[in-house]
Amino acid sequence: MPREDLSGHPGPAVVPATVMLIRYAGLWVIGMHLIITEKHDAASKIAAILFKDRMPERINGVQAYRSKAADALVIGLAGHILELDFPEAYQKWSAFPPRELIRAQVLTYPSKKDLVGALATLATKAKRVTIATDYDREGEMIGAEAYYIIKKISSPTFDRVRYSSFTKEEITKAFASPTAVDFDLAAAGECRQEIDLVWGAALTRFVSIAGNKFGKDFLSVGRVQTPLLALIVDREKEIQAFASKPYWEIVATLLKEDRSFTASHKRGRFDKKEEAAAIHKKLGKTAVVKDVKADRKKEQPPIPFNTTEFVKAASALGFTAASAMQIAEALYINGWISYPRTDNTVYPDTLNLKDLLGMFKTSPDFAKSALELLVAPTLTPTRGKVETKDHPPIYPVACAMRKDLDDKQWKLYELVVRRYFATLAPACEWEVIKAEIDLSGEPFVANGKQLSVPGWRKHYPYGLQKDELLPALKAGDPLLVRRADLLEKKTEPPKRYGQGKLVQMMEDLGLGTKATRHEALAKLYSRGFIEGNPPQPTATGISLIDALKAYASAITSNAMTSKLERDMDSIAASQLKKAAVAKESREMLDKVFHQLEKNRMEIGRILRSGFAADSDIGPCPLCGSALVVRERKSDKNKFIACTGFPNCRNTYNIPPGSLKFDKVVCEKHRLHHIKVTPPSTKGPDGKAVRGKAYDFGCPACRKENPSVMPYISKPVNTTTGR
């Protein structure tokens, strides 16, 4: 059955009254106050804060919370309740060339019919509607979706509340001074959604068709994710192209009385072994201190957490960007920290810094730090360069106990608490010592450092370097040389970017937003373009960037994407119209397709070479060409085929299911063994049952001796695990 289009308008999504086909039999008094939040958990939290008599109630199957005393009802959405898509005719890839999507009409459909139906039912009962979704571009857009659904059906009064935490004080204050829905901010979100749909769908279809990748194996290309992948691929190529060079260092282990320490030749690196060896050979058994310089250096405390700084710090603790944001969202919803999607690095003047510290005075984990900071006559927090008025930096809003959170949540909650403490603490000081030493006429240097004034480091131990202590030294002190080593080393290639670094680079380059950068990274993982942590591109990911850089470099560059990001900011600031920006983006994409279509065959060739490398099956035993996994058009079953087709028609049948290529290689055919996980089936109880992975072995051996069947273990129920 075709979906009902809910758009057909020049501006934001407007839902016609036909959406009211879903009815609810409940009865209310006219004049109800309807409060709409972004998620169910938020609805539960707000209802508990505002209404003592809140009672759960189901509206069209959707959980809500009702207050009879206040004649109010709080309902949570599940994110977006409307979605953009192309008309049904465009859903079939073979119906239109990918470039046709650039000019295709974009329609609005209900993505969550139960919630749309619930809002339509409530629209006839509500006298006042308060939008209480998250205060950001995405949240404003979700709130606007609810607004248009209700507005098409009835005419209640609308207002908007904005908050940054689920504390009683902030929620009460927000509802006491509501404002208006920001339709320009919502339009910026709608524009992003439309641009991402058109760019993503058109480019994804083009490269997937060019590379002969269909079904679940399609190639995903996106306006933000592809320039991000290019950053990762470029770094990998720097690493691969790096030519390591040898160098030599001379390090002496010295004794002052009974304490040993090390000193290095002042030259540092020697590029010629002969020169270093000649100096090393002349070194004797005694040395003398020529000079000692001591200095004190201050290390300023860190700035408050915005989203990027938080993700970087969480990444250093081993969290992926996506998992860090997922946990931060849970901490926010449950009332432990403030809103985690923010660019702000300056605490607002209205934030009571001492009261926040006071929450931790009796905490077994944080009392010591809190009490020490509270005795300061004044609290002067650090300030970053970015100050916004929507949300404050990320800070703790309630004192949690370890028993309140799981291990991962506690780890990140503690990070937020200690970062807050650090931003209120004084600078720390390091005592730095540099000793100049003469060893057989050669200059050596010993460096020492010690944290002399802990300052903020006492409260925030993350990334703290160890002290490097030297014995008490003064000019003229004699030293014994325990040993002198000539060390051969090699220059090392640059390191792969960690996820925190990538999020920072995306911010610097204008790629994505604080709310979407971690999602772009997650999508690259899910589509098989990157793997590992720190991310490493797969051969498929490298071939995609190679093909696009060669024939449509604008897609892999941040320039076009960052311009569109700036334009969407201008929509939010009422400086540009959504229609103009969307039109310009289509024109940009049309120019890109002019290059793509001219070079389709070569793009496909580059992509297929990447697939072959990632398949890692091995060379065809008949002709030596690479073997790859293909999919039959007739029944969608996979098989292994030679890339030498049509000259070589060698193929191997493989069982249905997902495949993994083992490191074990067949000695006879030089092909990697295959592990197969059978597809899920329905068990007697109707629940999904999947077969356990088994070794299929070498596909060529199986073809030669098909009677040898692999061992297949008992299927596993995916629900019970038995």
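Reply: The account below begins with the helix pair and then turns to the loops and the cysteines.

The model is a predicted one. Helix α8 spans residues 307-316 and helix α12 spans residues 407-424; their axes come within 11 Å and cross at roughly 125°. The crossing of α8 with α12 is right-handed. On the α8 side, the contact is made by E309, F310, A313 and A314, while α12 supplies L412, L415, V416 and R419. Sorted by class, this contact has six nonpolar residues, two charged residues and no polar ones.

S440, in the loop between β12 (428-439) and β13 (442-453), has phi near 55° and is partly exposed, at 29% relative accessible area. R670, in the loop between β20 (658-665) and β21 (672-677), has phi near 60° and counts as exposed at 55%.

Cis peptide bonds are found from N533 to P534, with omega near 10°, and between F645 and P646, with omega about 10°. P534 lies in the loop between β15 (530-531) and β16 (536-537), and P646 in the loop between β18 (638-642) and β19 (651-653).

As for the cysteines, the structure holds zero disulfides. The sulfur of C620 is 3.8 Å from the closest cysteine sulfur, that of C648, which is too far for a bond. C620 is buried, at 2% relative accessibility, and C191 is buried at 0%.

How values were computed: Residues numbered from 1 in each chain as written. Predicted model: local features only at pLDDT ≥ 70, side-chain atom pairs only at ≥ 80, totals over all residues. Heavy atoms only, no water. Axes fitted to C-alpha atoms, helices over the stretch in contact; angles between N-to-C directions. Helix = DSSP H or I, 4+ residues; strand = E, 2+ residues; numbered from the N terminus. Left-handed = near helix turned anticlockwise from the far one by under 90°. Contact = heavy atoms within 4.5 Å. Nonpolar A, V, L, I, M, F, W, Y, C, P; charged D, E, K, R; others polar. Disulfide = S-S within 2.5 Å. Buried < 20%, exposed > 50% of the residue type's maximum accessible area, 1.4 Å probe, protein only.
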